[in-house]
Amino acid sequence: MGYGRSDSYRVATTQDKDDRSPKKKKGAKDMDDLKKEVPITEHKMSIEEVCRKYQTDIVQGLTNAKAAEYLIRDGPNALTPPPTTPEWVKFCRQLFGGFSVLLWTGAILCFLAYAIQAATEDDPSRSARSHMFDRLSLCLQLYLGIVLTAVVVITGCFSYFQEAKSSKIMESFKNMVPQQALVIREGEKVQINAEEVVGGDLVEVKGGDRIPADIRVVSAHGCKVDNSSLTGESEPQSRSPDCTHDNPLETRNIAFFSTNCVEGTARGIVICTGDNTVMGRIATLTSGLETGKTPIAKEIEHFIHIITGVAVFLGLTFFILAIVLGYSWLEAVIFLIGIIVANVPEGLLATVTVCLTLTAKRMAKKNCLVKNLEAVETLGSTSTICSDKTGTLTQNRMTVAHMWFDNQIHEADTTEDQSGASFDKSSITWISLARVAALCNRAQFKAGQDQLPILKRDVAGDASESALLKCIELSCGSVRAMRDRNKKVAEIPFNSTNKYQLSVHETEDLNDNRYLLVMKGAPERVLECCSTILVQGKEQPLDEELKEAFQNAYMELGGLGERVLGFCHVLLPEDQYPKGFAFDTDDVNFQTKDLCFVGLMSMIDPPRAAVPDAVGKCRSAGIKVIMVTGDHPITAKAIAKGVGIISEGNETVEDIAARLNIPVSQVNPRDAKACVCHGTDLKDLSQDQMDDILRNHTEIVFARTSPQQKLIIVEGCQRLGAIVAVTGDGVNDSPALKKADIGVAMGISGSDVSKQAADMILLDDNFASIVTGVEEGRLIFDNLKKSIAYTLTSNIPEITPFLLFIIVNIPLPLGTITILCIDLGTDMVPAISLAYEAAESDIMKRQPRNPFRDKLVNERLISIAYGQIVTAGFALGGFFAYFVILAENGFLPTTLVGIRLNWDDRSCNDLEDTYGQQWTYEQRKIVEFTCHTAFFVSIVVVQWADVIICKTRRNSVFQQGMRNKILIFGLFEETALAAFLSYCPGMDVALRMYPLKPSWWFCAFPYSFLIFVYDEVRKLLIRRNPGGWVERETYY
Amino acid sequence: MSKDGEKSGWKEYIWNPRTREFMGRTASSWGLILLFYVVFYIFLAGLFALTMYVMLQTLDDYKPTWQDRLATPGMVIRPKSDETYEIVYDTRNTETWDLYAQALDKFLTPYNNSLQTEKNKECTPDEYFLQEDTGDVKNNPKRSCQFNRTILEACSGINDRYYGYQIGQPCIIIKLNRVIGMLPGKDGQAPFVTCAAKREDTDKIGEMVYFPPNGIFNLMYYPYYGKKAQVRFCIKSIANIVYNNRVANTHIAIQFVKYRTQCRLLKMSWAMFLQVNYSQPLVAVKFLNITTNEDVNIECRINATNIPIGSERDKFAGRVSFKLRINTK
């Protein structure tokens, strides 16, 4: 139809006649080329020229031979699927990516140390001391190496299957039914697979079909295509053989691959197939884009740097110390490796993966499907959301929004669930208006949908007519019944010359033999046909005053970005048009002037109900929401205002100019917070100007943008340091979706290409789910911090025993097995449970994190974890238990210092303790392993306090409460596990863990209590003195 | 504090002349944080010391809290080669067995009759030498019974300086680990040692003689009252430090300090060293005609009704195994 809309400029995609390159060029140049424009010229050629070019015939079509030849030359008419990563590569990526590298390095170091020792094992010149050490660390290294490898492999498998699950859901989106196309070859219509369509083929499409390739229309009957996925325009566009625009994307005579023919029929010559189509070029552009690392991947990398730094620092320190203490080089190297490896938090990889998975699951429940686990957090870091309009912010469904009758604008209910306000339906004018709208309307509900709510029903017909149909059906009941009562006698369908549509009906009143003529169309055209106007049910002459009222209403509704239709009717006088009058619609033999104007109805693709709220939430969360749409600026601005992207009271430069009545050029752009930027202007902007716009306007709408420009906008935001989320559903959004830090596609309305490109899919198409995503993302970032703090705190106490073992030659207080029991056993559930921790404050009220400043793991966290909590609680608690057990068994601390050599000497079976008793090797080893068990149990006891400490970063646990059930479960679980490991018969053989005397459980209690009190005081000081020294030094 | 992620800023991170920051901190900032950590760690150290002190107060001076791990006392043989329980020598090569003889000499020195009569009491055999405390009054120092070297007769090394090694009839000395308060044997039945060859070697072991007869540990040597109760005097001989303790050179200093402290506690001059007067009873086994030029695996066990058989894992609890190989050709 296209009334009331004249500003159809698709300027961004300019035309370049010289650069016609249908064959794909390889390399980087190709990418730039793809970013530019669409090189199609056929729309400007005459049909004969096109036929000549493709050596086809306008009636007969291609010969089969020719078609086969072209098929071989150009390949099948299908998009090259994005280079799918082979499964094993994906698996390897899981296995060797990110955090795993740290563990692999650890494992390799372990094996290396093992190899060094195994190689020197048989060296006869080795001293007694190194022999002792060899044996001990030999199994230590091997154990660690094997376990590290196992952890990486298991976690790798876990996340691989997790993502595989997501991609399976992705698979299900794919339309498996092969597309068919109706082509004419050698004069015969044949149904073939769309893949076999070649350039030059003559194809026929009808309403409901998918366009099989880019085609140059040669003839069309009321053909309309839905280009929304390509251009973002929500209204179907009509197609005809005439070239109406230089730009191939704007012209009427080209229909594009994979768009839908909504109604009518058309015949055309295929000009591009497969990857050469406009759609194909966008898809190729998308799959060719490089995407950066996710923010969480960067954070983990940063974390690895810190951990490696700490490990190497400690390792080297003790390497030097070992040399100074007189150990051999070899031993020192093995110490070095041992310490570095001990610093690797074995359980953390699993914890992080599980935390992310849990969040991903939680989000999936809320209809956010996360394709890439790491993307879970990205939304939380997002500082800018570039949102497409059509289908994302709006319902992608034309709906009647306003009506003007009785010289008054009435608002219709546009909400999805009909919860909005209603208007006065009693007016006679309304009844007339409804009748005109219902009768002069070719749309109808598809059959078999009586159970569905009206708004959910499918309609055959044009979008505007469907909108009218639904509106009338909702307010006046069955339209079909009304049409049955008023039988249609004649009809003139819409055409672009008349710009109106009219039909003649019998009246409802059986005694009334008059005919009712109803007309709808472009308001100004309809008004021209009228001489009277219906006001309050009475016909009044259309005077200047009413005309002005009409003009104002028309302007106002048009200014809202709505498509306005005018309606009029007349009861034809019976004397001129008696019953049975033959209405001739070709050669109009009846009155089309002096009609009675009834009213205006305006339609818009209304915003989704949840969107304004969601936008508001994003705003208050410090996230800038930018609208990037292919649609027209007026519509875009109206929707932007409707959903709050341009908030109330904020003006654009143009608004200010209009208000002050001065030219736009005189307005200081700094005064305008909001900005509506047209694709045309965007094209001419330099990078600096672009940055300027993005930096200085808080509320930006980009209208009439091409896919390439969307990409440029995203890149611009990223250049300014923002973490950008892009939401979109169309193919035109997919390059931007791919380029964005996180692309969010729509699950229902989204195109395959966009879903492929996205990292996250909103299964219910609800923009509000993004807010959930942001919330979950921020929460998981906070909670990961807590998890890491928790896990790291048990890391150092695992090293200190080893250090003391080296320095003061005491029996080893904590063995490898027990370390692994902590890292991979007792620590796991509490660490994971922190992922369930509720937010401390309203995380949606604070600014997004600054990726340069707010790190996942920072020096303060390390300082807290390693320097304070650890020494206070773990190390001391564990050592205390260790000393208690040894002392109670007869080895007082004074005896222990320096005892190590004899202690670990297998041949010394009469080692004397402080009391003078003598111990065999095995007897004292049992005591030593009991010490390991006690150290382990002490760590568990201190971990109770630690997990409660880590629950909060600022609040007191008394403010936060203990509502996290998983955490409480975790506390019990770790205690039960510790008790099990200690007391279960057979553990002495299996893991060398021994039963503890009940009193030994309590050794660490004072330390557990101490760190709890210490940390509560620390948090109290943080809360009391915001920005004070304590906060600066210890808030992580 | 933050590095701001700029690579070029590394130098500036180490020393920023503009803000006078070293590693991202000014001098006062460094001072403050270091002061904090110093105070913090001193506090922790104090706290740890306090808990340790409290714990040590709960301990008994004369008997450890738990002895359950020592239910089956360990057994040890002498001579012991450096690392292993293997006695391998060649009768024709003096050097190979002289080592063993020397080791035994050294080991048996404290058992010289002169020293024993000087230090220890002559007790009534075949009954426990109980020296009970009366209530809170400790009956200290406790005496110990004489174990004269001559009890070992042919294995005492007095008549045969080489303990039979040179003629292929070696002596092995076996001792039972000290456990405070342990009263092995029951109903006047003294614990005794029996040695036997392991399965396949049974015909190779030949005859054995035990000293004292039947290989018994006389009841009068039990119970042991612990190092502290049975301390008698500190002697001025550094050689005695090595008594029963093989100490690596680097650790002499530590041992030195330890003994000095203990002597001080007993109000003796620091220059004198602690000497324990308890003499562990010994059993010697002499192999009379063991098969030569072949490995013979021998296991000796303690036989006492009230000593449980040790765990399978511990090869030295209540038993001891060793390999004997005498080469003659």
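Which hand, left or right, does the crossing of α28(A) and α33(A) have? In this predicted model, local features need pLDDT of at least 70 and side-chain atom pairs count only at pLDDT 80 or more, whereas totals for chains, interfaces and linings use all residues. Residues are numbered from 1 along each chain as its sequence is written, chains are lettered from A in the order in which they are written, and side-chain values use heavy atoms, without hydrogens and water.

Helix α28 (residues 816–826) and helix α33 (residues 921–951), both of chain A, pack with their axes 9 Å apart and at an angle of about 30°. Helices here are DSSP runs (H or I, at least four residues) numbered from the N terminus; axes are lines fitted to C-alpha atoms over the stretch in contact, and angles run from 0 to 180 degrees between N-to-C directions. The crossing is right-handed, that is, the near helix is turned clockwise from the far one by less than a right angle. From α28(A), the contact (heavy atoms within 4.5 Å) involves A:T818, A:C821, A:I822 and A:T826, and from α33(A) A:H932, A:T933, A:F936, A:I939 and A:V940.

Between the chains, 62 residues of chain B are in contact with 60 residues of chain A. The buried area, meaning accessible area (1.4 Å probe) lost on being put together and summed over both parts, is about 5100 Å², and carbon and sulfur atoms give 55% of it. There are five salt bridges between chain B and chain A, each a side-chain nitrogen of Lys or Arg within 4 Å of a carboxyl oxygen of Asp or Glu. A salt bridge also joins the side chains of A:D910 and B:K175 (2.9 Å, N to O).

Definitions and conventions. Helices (H or I, at least four residues) and strands (E, at least two) are DSSP runs, numbered from the N terminus. Buried area is the accessible area (1.4 Å probe) that two parts lose on being put together, summed over both.
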